[in-house]
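Please have the sequence and the three-dimensional view at hand.

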Amino acid sequence: MMDPRRLALAIVTVAVTVVGEFGCCSLGSVVTFDVKHKFAGKGKNLSALRAHDIRRRGRLLSTVDIDLPLGGNGQPSETGLYFTKIGLGNPSEDYYVQVDTGSDILWVNCAGCDKCPTKSDLGIELTLYDPQRSSSSSLVYCDQDFCTSTYDGQLPGCKPTLQCQYNVVYGDGSSTAGYFVKDAIKLQQVTGNLQTGSTNGTVIFGCGAKQSGELGSSSEALDGILGFGQANSSIISQLAATGKVKRMFAHCLDNIDGGGIFAIGEVVSPKVNTTPMVPNQAHYNVVMKAVEVGDALLALPSDIFDSGDQKGTIVDSGTTLAYLPSTIYEPLMTKILSPQPALKLHTVEDQFTCFQFGENVDDGFPVVKFHFEDSLVLTVYPHDYLFQIREDVWCLGWQNSGTQSKDGKEMILLGDLVLSNKLVIYDIENQTIGWTEYNCSSSIKVMDEKSGMLYSVGAHDIGSASSLTIGGILTLLSVLVALLHSSIA
């Protein structure tokens, strides 16, 4: 079993070869995604963000570039995550799916699903994918290449008539199960400066037939998840295998103005320094060397940054916060709070350390720097790792992974808290990750491989919080703020 703290979502994917368990009727014979924040709207319940993170931790010819317009922001008290809109089937229908660098497969809820959500409090309309409505859909069977490569060989008892099925279990016990189908996907190809046009491809994805736990709730419901992991089953790997795209993508998450940039393809400007990925890992693992707070390095055991089973450092845009082992978390918190010894600290929702502070946080607290192999540095400013739940009340976004679960307690997981307001480039082909501080409301340049032309890909905010119907979510934060106010007044 894989580590339940394994980012985006999936912790275990297992094929099930039971005839007709989910069933399906007979079937007929550089690009952009509109991305929006999952927890959109000021006032997201803070404990729900942590619960989400726990689920995550517990997934030829000339190529084109793809642009995924982003929405929302990474503030824990606001949106928290990002999702996009893609088209599936023929005729194409729209589906809202979470963009997740910590899992691999794309799956969407399907017609006839047991306990799949039918409505969402995120202000979006959910759609159940129905293979019968698509003239281009087809089933995937257990003896076909996709299934055997996904599961490292043919499954026991496999017969040509058995569907290739999946079961994904998350860290909180939630799960999704179903079968794989092959169908058309519609994306947005970069065709010029800040210009896109529709382009189609064919991919294999999961058709969700049964959900359990939080995946069936309506408050945070989406149509599914779009995994951007390294496995051959991920959409970026499938499209790259057909020569459609390169196995390179980048994101710039804007938690100041909201939205940001998400592009598939070769980013040529701005240039970034890189660090190598740890080989043979399921996630985007990198080697951390040291942690600096202010102008001093933390005195840490030399083996705390070792890579291995349930250890190491993972970069994951699908996680909202940042999780550190107790060995790092405790001295880090002590050092961060030391310039303000008079602060009265309060714990909110049994996990967030909060306090009242009426001055500029960047003047009152130290900068944190994570040092990586090949001298790459990730700088995290106080306005990044502190978030407001009221005008003068701030909370620390650092979390102690040693207290979250018995598994993965030595793992370092870097989410949106530290990745926001930076251009992060994942180069799977060359096995490197790099980043640079950047204005995520501006644009980047990608190269069109066929023509050699450079095109600008701009920022997007496809669903600002003001346009969403968020129901009772605002009330949750109002109660939280009222409770905090009464404790520090």
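The sections below cover the basis of the model, a sheet and its helix, the nonpolar cores, the aromatic pairs and the salt bridges.

## Basis of the model

The structure is a predicted model, in which local features need pLDDT of at least 70 and side-chain atom pairs count only at pLDDT 80 or more, while totals for chains, interfaces and linings use all residues. Residues are numbered from 1 along each chain as its sequence is written, and side-chain values use heavy atoms, with hydrogens and water left out.

## A sheet and its helix

Helices (H or I, at least four residues) and strands (E, at least two) are DSSP runs, numbered from the N terminus. Two strands pair if DSSP finds at least two bridges between them. An open sheet is formed by 4 strands in the order β19-β18-β24-β25, with antiparallel pairing. Its edge strands, β19 (296-297) and β25 (377-380), each pair on one side only. Between β24 (residues 368-372) and β25 there are 4 bridges in the antiparallel sense; His371 has Val377 in β25 as its bridge partner.

Helix α4 (residues 326-337) lies across β18 (288-293), β19 and β24, and runs at about 25° to β18. Axes are lines fitted to C-alpha atoms, for helices over the stretch in contact (heavy atoms within 4.5 Å). Angles run from 0 to 180 degrees between N-to-C directions.

## Nonpolar cores

A nonpolar core is a set of buried Ala, Val, Leu, Ile, Met, Phe, Trp, Tyr and Cys residues joined through side-chain atoms within 4.5 Å. Buried means under 20% relative accessible area, exposed over 50%, and partly exposed in between (1.4 Å probe, protein chains only). The largest core has 73 residues, and those with the most contacts inside it are Val291, Phe365, Val368, Phe370, Tyr385, Trp398 and Val418. Helix α4 gives the most to this core, with 6 residues. Apart from it lies another core, of 17 residues, including Trp107, Val140, Ile204 and Leu215.

## Aromatic pairs

Rings of Phe, Tyr and Trp (its six-membered ring) pair if their centres lie within 6.5 Å; planes under 30 degrees apart count as stacked, over 60 as edge-to-face and the rest as tilted. The whole structure holds 18 aromatic pairs. The ring centres of Phe355 and Phe357 are 6.4 Å apart and the planes stand at 85°, so this pair is edge-to-face. Phe355 is buried at a relative accessible area of 1%, and Phe357 is buried at 6%.

Phe370 and Trp398 form another edge-to-face pair, 5.8 Å centre to centre with 70° between the planes. Phe370 lies in β24 and Trp398 in β28 (residues 398-400), so the pair ties together parts that are 28 residues apart in sequence. Both residues are buried.

## Salt bridges

A salt bridge is a side-chain nitrogen of Lys or Arg within 4 Å of a carboxyl oxygen of Asp or Glu. The structure holds 7 of them. One joins Glu93 and Arg133 (3.0 Å, N to O). Glu93 lies in β6 (residues 93-100) and Arg133 in the loop between β7 (106-114) and β8 (138-139), 40 residues apart. Glu93 is partly exposed at 28% relative accessibility, as is Arg133 at 40%.

Another salt bridge joins Glu449 and Lys246 (3.8 Å, N to O). Glu449 is partly exposed, with a relative accessible area of 38%, whereas Lys246 counts as buried at 18%.
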